Amino acid sequence: MTTSTPADGAAAPAAAQGTASPAPSPEIRKGLAGVVVDTTAVSKVNPDTNSLLYRGYPVQELAARKSFEEVAYLLWHGELPTPEQLAAQTAVERENRALPGEVRNAILELPTSCHPMDVCRTAVSVMGAHDPSAEDSSPEAEHAKALRLWAMMPAVVALDQRRRRGQQIVDPDEDLGYAENFLHMTFGEVPDACVVRAFEVSMVLYAEHSFNASTFTARVITSTLSDLHSAVTGAIGALKGALHGGANEAVMATFAEIGTADRAAAWLDEALADKRKIMGFGHRVYKSGDSRVPTMKKTLDDLVAHLGTDEATALDELYDALEAAMTERKGILPNLDYPTGPAYHLMGFDTPTFTPLFVAARVVGWTAHVVEQRASNALIRPLSQYVGQAQRAVP
Ligand SMILES: CC(=O)SCCNC(=O)CCNC(=O)[C@H](O)C(C)(C)COP(=O)(O)OP(=O)(O)OC[C@H]1O[C@@H](n2cnc3c(N)ncnc32)[C@H](O)[C@@H]1OP(=O)(O)O
Ligand SMILES: O=C([O-])CC(=O)C(=O)O
């Protein structure tokens with residue numbers, strides 16, 4: 001026999017105390033949907049106006065006018081940097097781009113068959129084990145660790161894609177900006193400005209998104225007074241799933257399954273009949289469109305026009321056909337993972353590298369939230385309603 005009780009920690013029901021009233025049922029919000037759990041000053045997601053503000057600035061304006069480095073500074077410090085502040089951050093970022101030997105060796109020991117998100121997770125864990133101030137949680141130490149971690153992530157992602165392709169590892173180039181250097185380490189050369197710009201826009205758009213599942217994971221871990229690298233390691237695990245960051249690579253699997261634009265509607269009807277979730281569509285917070293999609297779709301279209309290949313045009317047509325069919329059948333709109341998937345493919349990244357690219361950007365948001373959580377901490381520990389066996393004697 002199973003029993004249903006009030007939430008653990010709640011007052012015992014009157015019935016259990018010998019009176020007749022039934023046990024009150026606690027309100028359960030599955031998946032914490034619609035629950036406000038804390039305040040934040042890092043970003044504001046507004047589904048009513050389809051807007052996203054980073055520290056008060058509209059993200060599409062930041063994507064158009066600011067570098068990813070400037071946006072990272074803004075998210076960490078609350079204000080855009082002065083030229084001196086940016087130069088100081090840039091100097092530290094460039095100094096820390098090369099992976100320490102122990103991180104590089106740990107990656108090279110992993111099987112090339114493991115998922116690149118496992119590589120990211122392991123790399124961050126090893127960075128934490130070797131970080132001289134791993135256990136120092138002062139705001140200064142946390143910012144310094146966040147900056148080092150952010151600076152090293154491109155080398156992790158690039159090294160892993162190259163080793164899986166059997167290519168020689170490319171060292172960072174201190175004369176290049178963040179986005180150019182990332183692409184240089186991955187592809188052995190800096191691509192055209194249009195590709196660099198598209199990549200940088202994706203980094204800005206992916207950098208932060210309030211209390212999404214991976215950021216909340218980082219905040220839960222921080223709330224126990226654990227360290228920053230543990231919080232980021234856990235967040236990477238949460239981002240890997242297909243309902244969150246893993247959707248950007250799942251989008252490419254969908255496109256591969258469909259093949260061509262003319263097959264999109266029929267494919268969708270069958271997938272929906274089979275009750276499949278269509279990756280890259282839908283969102284827990286935005287119900288009438290993701291604020292970031294118009295900017296990223298325009299960036300994808302620019303990339304397609306710039307490349308001018310049949311493959312790029314066909315991919316864009318397939319994108320439009322599936323979006324139109326999904327809007328018509330279900331009224332469910334694309335999220336950011338929908339345009340970033342094909343954009344990363346056209347830039348030349350392997351599909352399993354897409355979610356690690358999301359990590360490289362979101363590490364900024366995660367660490368901004370770690371600092372915010374620590375500054376005003378309360379252990380995150382919700383209640384549950386027990387529905388298991390009633391109390392019984394051990395035989
Ligand atoms: C950057 C990011 O992390 S954005 C999210 C990336 N994830 C994805 O793209 C995965 C696909 N999308 C989904 O699974 C969902 O839309 C989520 C998980 C993102 C949001 O889910 P929720 O807010 O919990 O919405 P929920 O799952 O309750 O959906 C409501 C209804 O819409 C349907 N629905 C939502 N998204 C989809 C989808 N992508 N494909 C098909 N149906 C969908 C659900 O089946 C449900 O239908 P029902 O009421 O008939 O049962
Ligand atoms: O907010 C969410 O739930 C998911 C998302 O779009 C993100 O993390 O960028």
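Let us begin with helix α7, residues 178–187, and helix α8, residues 193–206, whose axes in this predicted model come within 9 Å and cross at roughly 110 degrees. As for handedness, α7 and α8 make a right-handed crossing. On the α7 side the contact is formed by A179, E180 and L183, while α8 brings V196, F199, E200 and M203. Sorted by class, the residues where α7 meets α8 are five nonpolar and two charged, with no polar ones.

Now, how do the axes of helix α6 and helix α16 cross? Helix α6 covers residues 139–164 and helix α16 covers residues 354–375, and their axes, which come within 9 Å, cross at roughly 170 degrees. Angles over 145 degrees count as roughly antiparallel, and α6 and α16 are therefore placed in that group. Among the residues making this contact are H143, L149, W150 and M153 of α6, together with L357, V363, T367 and R374 of α16. By class, the contact of α6 with α16 comprises 15 nonpolar residues, two polar and two charged.

Finally, let me turn to a ligand. Which residues surround ligand 2? They are H209, N212, R284, V285, N335 and L336, and this shell around ligand 2 divides into three polar residues, two nonpolar and one charged.

Notes
Residues are numbered from 1 along each chain as its sequence is written. Chains are lettered from A and ligands numbered from 1 in the order in which they are written. This is a predicted model: local features need pLDDT of at least 70, side-chain atom pairs count only at pLDDT 80 or more; totals for chains, interfaces and linings use all residues. A residue is near a molecule or strand if its C-beta atom, placed from the backbone, lies within 6 Å of it. Ala, Val, Leu, Ile, Met, Phe, Trp, Tyr, Cys and Pro count as nonpolar, Asp, Glu, Lys and Arg as charged, and the others, Gly among them, as polar. Axes are lines fitted to C-alpha atoms, for helices over the stretch in contact, and angles run from 0 to 180 degrees between N-to-C directions. Helices (H or I, at least four residues) and strands (E, at least two) are DSSP runs, numbered from the N terminus. A crossing is left-handed if the near helix is turned anticlockwise from the far one by less than a right angle, and right-handed if clockwise. Two residues are in contact if their C-beta atoms, placed from the backbone, lie within 7 Å. Angles under 35 degrees count as roughly parallel, over 145 as roughly antiparallel, 65 to 115 as roughly perpendicular and the rest as oblique.
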